[in-house]
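Open the model in your viewer and keep the selection tool at hand. This tour goes from stop to stop, saying what to select and what is there.

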Amino acid sequence: MLRLNPNDSFLSEPITENGLTDAPPEKDYPGWEFAALWSDRINRAVELILAILMALLVLDVWLGVIDRYYFRWQLDWPEAFARYLMIWAALLAISAGIARRDHIGLMSFVGRLPIGIRRGLLIFADLVTLVLFIYLFVTGIPFAAGGFGREAMIFGASMGPFFTAIPAAAFLASVQMFLTLLRDLGSHVDRPKREESLT
Amino acid sequence: MIVAVVFVGLILIGMPIGFVIGAAGVVGLISLGGTSFLAISPSRIFAGLDLFPFLAMPFFILAGEIMNAVGITQRLVAFAQALVGRFRGGLAHSNMLASVFFAGLTGSATADAAAFGRTLVPAMVKAGYRRDYACAVTAAGSIIGPTIPPSGLMVIYGSLMGVSIAGLFAAGILPGLAIAVVCMGIIVIGGKRENLPVAERGATFAEIWATFKHSLTALFMPIIILGGILGGIVTPTEAASIAVAYALFLGGVIYRTLVWRDLYQMLIRTARITGVIFVIIAFANILGFWLTFERIPQAVAQAVLTLSENPYVIIAIIVALLLVVGMIMDITAILILLAPVLTPLTASIGLEPIHAGIIFVLALNISLMTPPVGACLFVLSSVTGETVERISIKLFPFLLAQIAVLFAFAFMEDVALALPRAFGFAN
């Protein structure tokens with residue numbers, strides 16, 4: 001059984017934020033340890049990429065501002081590059097949000113149902129989400145492939161690397177949704193987040 | 001019909017709203033033509049997010065994260081307390097005034113509610129206020145944040161509807177200040193009934209001056225943001241990036257309270273918040289395709305116009321709809337879904353786009369504190385331990401007053417557009 005200790009190397013703040021340290025699952029069911037471990041590991045890697053993308057985004061827009069008001073090089077790429085960085089970051093962040101259960105639904109109704117039904121419905125909701133992202137991944141591949149034949153406005157690059165954000169993010173979201181579904185099995189509402197609503 | 005059933009059904013079983021919109025959108029595509037439309041989703045998502053004005057949002061979020069982390073809240077609260085702490089219910093007034101100062105930094109109601117719920121509510125309880133009342137005051141003040149610019153909702157509305165974000169920012173200032181004033185009025189009126197404490201002494205001029213100097217650098221932030229944008233010097237996105245630079249400068253150089261290691265978490269948190277909002281925008285572009293294809297906005301406009309053609313009645317219907325839907329749904333999702341649906345209606349009665357935008361934003365902000373799912377109520381409940389029901393009861397007079405402000409600005413176009421017109425953003 002995986003011990004949910006905040007001092008564990010791979011389990012610190014993220015899991016604590018999800019409230020798991022306060023109320024671990026009642027049962028030690030097969031696959032839970034694997035799901036919790038890999039959900040967290042993948043999420044940490046994604047969040048590292050997110051931090052890098054956000055830092056690049058900040059620097060890129062600063063460069064655009066400095067160029068516009070001081071250097072006047074009239075660079076045409078910072079604006080387009082910033083948009084694509086934002087799209088990559090925002091879409092990748094979906095999987096981080098899934099891992100941490102940041103995406104919140106209306107719980108007033110389902111929260112009043114008996115625990116068995118509630119968990120069943122929440123598992124169903126997770127399954128629908130999983131199917132949604134698998135669909136997006138499947139349709140995103142030809143979309144991204146088509147982008148390699150279209151020229152972007154920056155560096156003479158194609159749109160392929162930027163369009164790839166859709167299938168890549170959908171793939172990560174699918175994997176994360178599968179692991180999170182296995183980790184929580186509809187019990188996440190019974191372990192309320194300690195963190196306030198993000199938005 | 002099937003799309004509506006899927007939408008409502010999935011919402012009821014607790015599926016996150018962004019994913020519900022996506023699933024309903026895909027069902028909508030299938031209902032249009034089997035599998036023939038299914039391939040368009042990725043391009044709809046990419047095109048929907050590929051808007052430069054959206055960039056302002058993560059930057060404003062990041063600036064707010066940094067300002068929060070470097071301890072700006074305490075400075076602003078101290079200044080507000082020095083100014084109005086002398087009156088009966090001084091801490092309640094301070095709470096409201098600090099919300100006004102805070103509004104220029106974050107633009108997030110829940111951030112305001114969380115910050116003040118942790119700091120001001122315990123201080124108010126210690127000073128003799130009832131906890132439910134302290135929470136109600138904090139909730140009422142929290143919506144000033146996203147009303148006075150910068151405001152994430154205004155960025156989304158402006159970007160999606162092609163309306164000047166700077167104009168919306170200008171239009172948000174007066175309603176935000178009006179909400180603060182009427183809420184302070186409610187505090188005064190209910191002061192004796194609630195037996196609100198009176199401070200033993202008011203701050204001296206020297207103390208007010210000292211706290212002012214202490215918070216001056218923070219108070220510059222909204223001046224930089226608004227001055228730059230309204231003066232036409234910088235775009236909202238550029239202003240937001242400058243706000244981040246200024247927040248880093250304050251925390252790293254002036255206050256020296258910024259822990260650079262924490263910046264990593266701030267960047268991640270900003271990305272996560274952006275992701276939560278953008279997934280709604282992304283999927284709304286799929287559902288939006290179905291809505292447009294089925295001519296739902298036109299049908300809604302026609303249906304409402306059959307009820308009445310009186311502009312005031314139509315505005316009242318729109319406001320009521322937003323307030324009611326805001327009780328049960330995430331406000332970002334409502335804005336993204338309903339703004340395109342309701343815009344033909346507002347256009348048909350000759351409502352200026354900025355005026356329509358500020359009505360949407362105000363109504364949705366107010367719905368942040370209406371039960372059963374008002375986000376601010378839940379944030380306050382979770383950080384203070386007070387029940388949502390008890391907060392809601394004490395909140396009721398504030399809610400009524402804010403709805404009155406909303407209707408005043410909705411019905412009086414000249415007042416609502418006074419600042420946008422003064423800065424040349426509206427006719």
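Which residue forms a salt bridge with Glu65(B)? Select Glu65(B) and look for Arg269(B): the two form a salt bridge, with the closest N and O atoms 2.9 Å apart. This pair links distant parts of the chain. Glu65(B) sits in helix 4 of chain B, and Arg269(B) sits in helix 13 (residues 260–293) of chain B, 204 residues away. Remember that this is a predicted model.

Now colour by accessibility. Glu65(B) has 15% relative accessibility, so Glu65(B) counts as buried, the cut-off being under 20%. Arg269(B) counts as buried too, at 16%.

**Stop two: a network in chain B**

Stay in chain B. Select Arg130(B), Arg131(B), Asp132(B), Glu386(B) and Arg390(B) together. Salt bridges that share partners join these residues into one network. Side chains of opposite charge can pair when their charged atoms come close. Over all chains, the structure holds 17 salt bridges.

Move to chain A. Select Asp126(A) and Arg101(A). They form a salt bridge, and their closest N and O atoms are 2.8 Å apart. Here again the pair links distant parts of the chain, 25 residues apart. Asp126(A) is in helix 4 (residues 115–147) of chain A. Arg101(A) is in the loop between helix 3 and helix 4 of chain A. Are these two residues buried or exposed? Both Asp126(A) and Arg101(A) are buried.

**Stop four: across the two chains**

Show both chains. How many salt bridges are there between chain B and chain A? The count is three. Select Asp50(B) and Arg83(A) to see a salt bridge between their side chains, at 2.4 Å from N to O. Asp50(B) lies in the loop between helix 3 (41–49) and helix 4 (56–69) of chain B, and Arg83(A) lies in helix 3 (residues 77–99) of chain A, so this pair joins two chains. Arg83(A) is buried, at 9% relative accessible area.

Next, select Arg68(A) and Glu238(B). Their side chains also meet in a salt bridge, at 2.8 Å from N to O. Between chain B and chain A, eight residue pairs are in polar contact, counting pairs with both residues at pLDDT 80 or more.

**Stop five: the chain B side**

Hide chain A and highlight the side of chain B that touches chain A. Which element gives the most to this side? Helix 13 of chain B does, with 16 residues. By class, this side has 45 nonpolar, eleven polar and six charged residues.

Bring chain A back. The contact takes 62 residues from chain B and 60 residues from chain A. The two chains bury about 5300 Å² between them, 74% of it on carbon and sulfur atoms. Select Ile13(B), Phe46(B) and Arg272(B). In chain B, these three lose the most area to chain A, together 15% of what that side buries.

**Last stop: Glu47(A)**

Select Glu47(A), in helix 2 (residues 32–71) of chain A. Glu47(A) is buried, with a relative accessible area of 4%. What does Glu47(A) touch, not counting residues up to four places away in sequence? In chain A, Glu47(A) touches Ala96(A) and Arg100(A). In chain B, Glu47(A) touches Tyr264(B), Ile268(B) and Arg272(B).

Notes
Residues numbered from 1 in each chain as written. Chains lettered and ligands numbered in written order. Predicted model: local features only at pLDDT ≥ 70, side-chain atom pairs only at ≥ 80, totals over all residues. Heavy atoms only, no water. Salt bridge = Lys/Arg side-chain N within 4 Å of Asp/Glu carboxyl O. Helix = DSSP H or I, 4+ residues; strand = E, 2+ residues; numbered from the N terminus. Buried < 20%, exposed > 50% of the residue type's maximum accessible area, 1.4 Å probe, protein only. Contact = heavy atoms within 4.5 Å. Buried area = accessible area lost by both parts, 1.4 Å probe. Polar contact = N/O pair within 3.5 Å; in protein donor to acceptor, adjacent residues only side chain to side chain. Nonpolar A, V, L, I, M, F, W, Y, C, P; charged D, E, K, R; others polar.
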